[in-house]
Amino acid sequence: MPLYIFYALLSALFASLVPIFGKLGLRDVDSTVATTVRAFIMFLFLFLIFMWQGKTISGFDSRALTFITLSGLAGALSWLFYFMAVKNGRVQAVVAIDKTSVALAILLSWLVLRESMDWKTALGAVLIVLGALLVSL
């Protein structure tokens, strides 16, 4: 098994725990506060790994820093709205709708990054959206 598939499976496993733990923790907590605490915990955890590995901050030119910053802002907004949705809705519906981001990323990778798209990829993206609709209704 290629290493990236192993990492992707671990990512999926831990991502599946986020809404479950989040819903349990959001019962009596404001979703914005919870998202902020979550982001702080993520920062601390990743910073400790960064330090443990002996990494340094290098290789960032202004273009790279701009796009990493935009990625961080997009991620923060995603999680802010995700926790709002999890607090107020059914986890099954929220995670299904959230996964339409896969289809959107496929479309944007084709439009912005000029990655190739064949009929199988396009059909898969459409099926993801249809599946999300079925689960969320």
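Me: Is the crossing of α3 and α4 right-handed or left-handed?

Reply: In this predicted model, the crossing of α3 and α4 is right-handed.

Me: Which residues of α3 meet which residues of α4?

Reply: From α3, the residues are Y82, A85 and V86, and they meet V91, V94, V95 and D98 in α4. Sorted by class, this contact of α3 with α4 has 6 nonpolar residues, no polar residues and 1 charged residue.

Me: At what angle do α5 and α6 pack, and how far apart are their axes?

Reply: Helix α5 (residues 100-111) packs against helix α6 (residues 119-136) at an angle of about 150°, and their axes are 8 Å apart. The two helices, α5 and α6, are therefore roughly antiparallel to each other. The crossing of α5 and α6 is left-handed. On the α5 side the contact is made by T100, V102, A103 and I106, and on the α6 side by T121, A125, I128, V129 and A132. By class, the contact of α5 with α6 has 7 nonpolar, 2 polar and no charged residues.

Me: How many helices and strands does the protein have?

Reply: The protein has 6 helices and 0 strands. Read along the sequence, its pattern is α-α-α-α-α-α. The C-alpha trace spans about 45 × 45 × 30 Å along the principal axes of the protein.

Me: What shows where empty space is left?

Reply: A probe the size of a water molecule, rolled over the atoms, shows where empty space is left. In this model, the largest pocket holds about 390 Å³ of space.

Me: Which residues lie nearest the centre of the largest pocket?

Reply: The lining of the largest pocket comprises 16 residues, and those nearest its centre are R38, A39, M42, F43 and L46.

Me: Which helix gives the most to the lining of the largest pocket?

Reply: The most is given by α2, with 10 residues. Both α2 (31-52) and α3 (62-88) supply at least two residues each of the lining of the largest pocket.

Me: How many residues of each class does the lining of the largest pocket have?

Reply: By class, the lining of the largest pocket has 11 nonpolar, 4 polar and 1 charged residues.

Note on methods: Residues are numbered from 1 along each chain as its sequence is written. This is a predicted model: local features need pLDDT of at least 70, side-chain atom pairs count only at pLDDT 80 or more; totals for chains, interfaces and linings use all residues. Side-chain values use heavy atoms; hydrogens and water are left out. On a 1 Å grid over the protein atoms alone, a cavity is a set of points where a 1.4 Å probe fits but cannot get out, and a pocket is an open set with protein on both sides within 12 Å along at least five of seven lines; lining residues have an atom within 4 Å of a point. Grid points are joined across faces, edges and corners, and a volume is the space filled by probe spheres set on the points. Helices (H or I, at least four residues) and strands (E, at least two) are DSSP runs, numbered from the N terminus. Ala, Val, Leu, Ile, Met, Phe, Trp, Tyr, Cys and Pro count as nonpolar, Asp, Glu, Lys and Arg as charged, and the others, Gly among them, as polar. A crossing is left-handed if the near helix is turned anticlockwise from the far one by less than a right angle, and right-handed if clockwise. Contact means heavy atoms within 4.5 Å. Axes are lines fitted to C-alpha atoms, for helices over the stretch in contact, and angles run from 0 to 180 degrees between N-to-C directions. Angles under 35 degrees count as roughly parallel, over 145 as roughly antiparallel, 65 to 115 as roughly perpendicular and the rest as oblique.
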